[in-house]
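These are my notebook entries on a structure that is new to me. I set down what I looked up, entry by entry.

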Amino acid sequence: MISMSKSPDAAARAPAHIRAIAPYVGGKPIEEVARELDLDPATIIKLASNENPRGASPLALAAIATAAADITRYPDGNGFALKAALAARLGVRPGEIVLGNGSNDVLELATQAFLVAGDEAVYSQYAFIVYPLATAARGARGIEVPAREFGHDLDAMRRAITPRTRIVFVANPNNPTGTWLPVGAVEAFIASVPPDVVVVLDEAYNEYLDVSEQSDSAAWISRYPNLIVSHTFSKAHGLAALRVGYGVMNAGLADLLNRVRQPFNVNSLAQAAALAALGDEQYVADSRRLNREGMEQLAAGLARLGLHFLESRGNFMLIEFAAAQATFQSLLRQGVIVRPVANYGLPDWLRVTVGTQAENERFLAALAAALANSSAVSRAD
Ligand SMILES: Cc1ncc(COP(=O)(O)O)c(C=O)c1O
């Protein structure tokens with residue numbers, strides 16, 4: 001007779017490379033902070049996950065309402081309408097686009113398609129943490145290349161590529177540092193990578209760049225058949241909860257990623273909302289402008305407080321503190337959620353997302369109070 005008792009060792013017998021993974025730590029949700037600190041959720045502001053403080057485009061909200069009438073059906077697993085619109089916008093073919101459950105999914109799919117145990121993936125110190133996580137989940141080896149002034153050192157990353165390297169990740173702009181590489185440097189790097197190594201160029205914050213600084217990276221895929229460009233609707237388009245992003249790549253690579261993705265990885269509400277959001281160019285342009293204004297507001301306020309921060313091209317800033325954890329806790333008690341980044345090897349820094357003008361003001365006031373109370377002073381003083 002087969003024993004139905006559960007083996008106490010099941011978890012212990014998971015592969016060592018899975019057990020070694022440190023789980024992803026996201027921004028604290030508003031409801032959780034309200035519960036833990038007995039605060040009214042309506043008074044809490046969250047500047048912890050690089051979300052768009054304006055909410056979603058009204059066109060996207062209307063599209064969701066329409067699509068909600070048909071949620072009993074499975075979504076279009078091939079994302080026909082969204083891919084067609086993206087292809088027209090980007091000047092590529094629909095077969096050169098892979099939709100993802102957030103662009104995070106595209107990053108994961110790339111590692112699923114190309115990495116096995118023994119392979120290497122190269123990324124920068126302080127790069128987006130999903131690169132090491134997704135690499136580790138495949139049992140592959142992550143090669144972390146020391147950063148240069150908190151940004152990617154592309155020359156060193158090129159030198160770190162070995163015959164075992166299958167993927168190189170480049171975030172531009174990078175999260176959490178906000179560092180950015182000029183278009184020419186990125187293209188020269190991609191051109192220098194051996195053609196049998198996949199380059200994943202993660203442009204999640206692309207829309208926040210000044211239009212003159214945005215690369216025409218989708219056009220590069222015809223020149224570099226080893227390139228995957230990932231974009232998202234979570235940031236400037238304001239659809240983070242729906243989880244929708246996409247990768248642009250040569251059709252051969254797209255075919256491989258499609259083999260390993262879930263058949264219905266992007267739900268129908270997300271597809272409809274993304275399609276509408278893509279058409280609302282004014283919303284994205286306004287988001288970019290408000291982000292720039294908010295960034296200037298934060299930079300001026302932080303300078304007044306004598307704090308050191310990194311110049312950022314994203315919708316967030318990294319700020320240095322003498323006592324980052326105490327400052328984080330003090331802000332939480334005042335109902336302001338920001339993001340500790342000790343898990344990035346940056347224990348003396350906090351990341352704050354650019355909010356609305358009122359949210360930024362509230363953050364700066366809470367920060368002033370936190371610093372006054374705790375004698376937490378900037379290293380820059
Ligand atoms: C650099 C970078 N890439 C990708 C993502 C993934 O975003 P999403 O899965 O919501 O598209 C994020 C999210 O914070 C990010 O910062």
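**Entry 1: contacts along the chain.** I looked up contacts (heavy atoms within 4.5 Å) between residues at least 6 apart in the sequence of the protein chain, and 74% of these join residues at least 24 apart. I note that this is a predicted model, in which local features need pLDDT of at least 70 and side-chain atom pairs count only at pLDDT 80 or more, while totals for chains, interfaces and linings use all residues. Residues are numbered from 1 along each chain as its sequence is written, and side-chain values use heavy atoms, with hydrogens and water left out.

**Entry 2: overall form.** I find 14 helices and 13 strands in the protein chain; these are DSSP runs numbered from the N terminus, helices being H or I of at least four residues and strands E of at least two. The radius of gyration, taken over C-alpha atoms, is 21 Å, close to the 21 Å that the globule rule gives for 381 residues, so the chain is as compact as a globular protein of that length. The globule rule is 2.2 Å times the number of residues to the power 0.38. Along the principal axes, the C-alpha atoms fill a box of roughly 60 × 55 × 45 Å.

Entry 3: Buried means under 20% relative accessible area, exposed over 50%, and partly exposed in between (1.4 Å probe, protein chains only). The chain exposes about 17,200 Å², of which carbon and sulfur atoms supply 55%; the areas come from the Shrake-Rupley method with a 1.4 Å probe, and for residues only the protein chains shown count as cover. The mean positions of the 33 positive and 38 negative charges lie 5 Å apart. Lys and Arg count as positive and Asp and Glu as negative, with His and the chain ends not counted; each charge is placed at NZ of Lys, CZ of Arg, CG of Asp or CD of Glu.

**Entry 4: salt bridges.** Side chains of opposite charge can pair when their charged atoms come close. I count a salt bridge where a side-chain nitrogen of Lys or Arg is within 4 Å of a carboxyl oxygen of Asp or Glu, and the total is 15.

Glu108 and Arg138 form one of them, at 3.3 Å from N to O. Glu108 lies in helix 5 (residues 103-114) and Arg138 in the loop between helix 6 (130-137) and strand 4 (141-145), so this pair ties together parts that are 30 residues apart in sequence. Glu108 is partly exposed at 22%, and Arg138 is partly exposed at 21%.

Arg259 and Asp255 form another, at 2.5 Å from N to O. The two are four residues apart in helix 10 (residues 251-260), separated by about one helical turn. Arg259 is exposed at 60%, whereas Asp255 is partly exposed at 36%. I also note a network in which salt bridges with shared partners join Lys28, Glu32 and Glu36.

**Entry 5: Gly294.** Is Gly294 buried or exposed? I find Gly294 buried, with a relative accessible area of 4%, and located in helix 12 (residues 281-304). Leaving aside neighbours within four places in sequence, Gly294 is in contact with Val354 and Asn360. The C-alpha atoms of Gly294 and Thr353 are separated by 9.6 Å, the two residues being 59 apart along the chain.
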